[in-house]
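Here is a short briefing on one protein chain.

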Amino acid sequence: MTIHRRLAKFGLVGLMATAVHAGVLLALVRSSWLPAGPANVIAFVIAFALSTTWQQRFTFADRLGGQLLKKRSVLLLFSVNATLAYGLGSLAKGPLLPLLALVPPVVNYSLLHMLSGHPRFKRLSRAAEIGRAHV
């Protein structure tokens, strides 16, 4: 797949995940179930899970070759995102604040590209695991 096509798919999935994040956040806050802080964390976790799943199935499927990332690879991706979000959010001041929005896409694309291309970070899909058990 060309880099332009992969970046377009990555962006589209990212926009969809952002819409899910916003929708869940607004639904939780407007329903008065939760204050904005905890609601944002829940919305982020849901959007992250969907985004990671969609990126594996649509954007990086060719690199994964029918496999999925291992759970520890997804945990690594989540941990890097959370650490950078907190750390850079604490350091960024004034005019640099809007640049924080660029960090997750760059980090996620880079990490997903690296992880999806290396067998150590992949696990067999459920169908492949079942087929392998019958051999």
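The secondary structure of this predicted model consists of 6 helices and 2 strands. Along the principal axes, the C-alpha atoms fill a box of roughly 55 × 35 × 25 Å. The chain has 135 residues, and 24% of them are buried.

**The largest pocket**

- The volume of the largest pocket is about 730 Å³.
- Its lining is made of 30 residues, and those closest to the centre of the pocket are Thr18, His21, Phe44, Pro104 and Asn108.
- Four helices each contribute at least two lining residues: α1 (residues 3-30), α2 (36-59), α4 (71-91) and α5 (103-116).
- Which element gives the most to this lining? That is α2, with 9 residues.
- By class, the lining of the largest pocket holds 18 nonpolar residues and 12 polar ones, with no charged residues.

**The second largest pocket**

- The second largest pocket contains about 160 Å³ of space.
- Residues from several parts of the sequence line this pocket: Phe48, Ala49, Thr52, Thr53, Gln56, Arg57, Leu68, Leu69, Lys71, Val74 and Arg123.
- Two or more of these residues come from each of α2, β1 (68-69) and α4.
- The element that gives the most here is α2, which supplies 6 residues.
- The lining of the second largest pocket divides into 5 nonpolar, 3 polar and 3 charged residues.

**The two linings side by side**

- Helix α2 gives the most to the lining of the largest pocket, and α2 also gives the most to the lining of the second largest pocket.

**A nonpolar patch on the surface**

- Three leucines, Leu96, Leu99 and Leu102, form a nonpolar patch on the surface.
- Together, these three residues have about 290 Å² of accessible area.
- Where does leucine 102 lie? Leucine 102 is in the loop between α4 and α5.
- Is leucine 102 buried or exposed? Its relative accessible area is 51%, and exposed means over 50%, so leucine 102 counts as exposed.

Technical notes:
Residues numbered from 1 in each chain as written. Predicted model: local features only at pLDDT ≥ 70, side-chain atom pairs only at ≥ 80, totals over all residues. Heavy atoms only, no water. 1 Å grid on protein atoms, 1.4 Å probe; cavity = no way out; pocket = protein on both sides within 12 Å on 5 of 7 lines; lining within 4 Å. Points joined across faces, edges and corners; volume = space filled by probe spheres on them. Nonpolar A, V, L, I, M, F, W, Y, C, P; charged D, E, K, R; others polar. Patch = residues over 30% accessible without salt bridge, like charges linked within 9 Å, V, L, I, M, F, W, Y side chains within 5 Å. Areas by Shrake-Rupley, 256 points an atom, 1.4 Å probe, with all protein chains shown as cover. Salt bridge = Lys/Arg side-chain N within 4 Å of Asp/Glu carboxyl O. Buried < 20%, exposed > 50% of the residue type's maximum accessible area, 1.4 Å probe, protein only.
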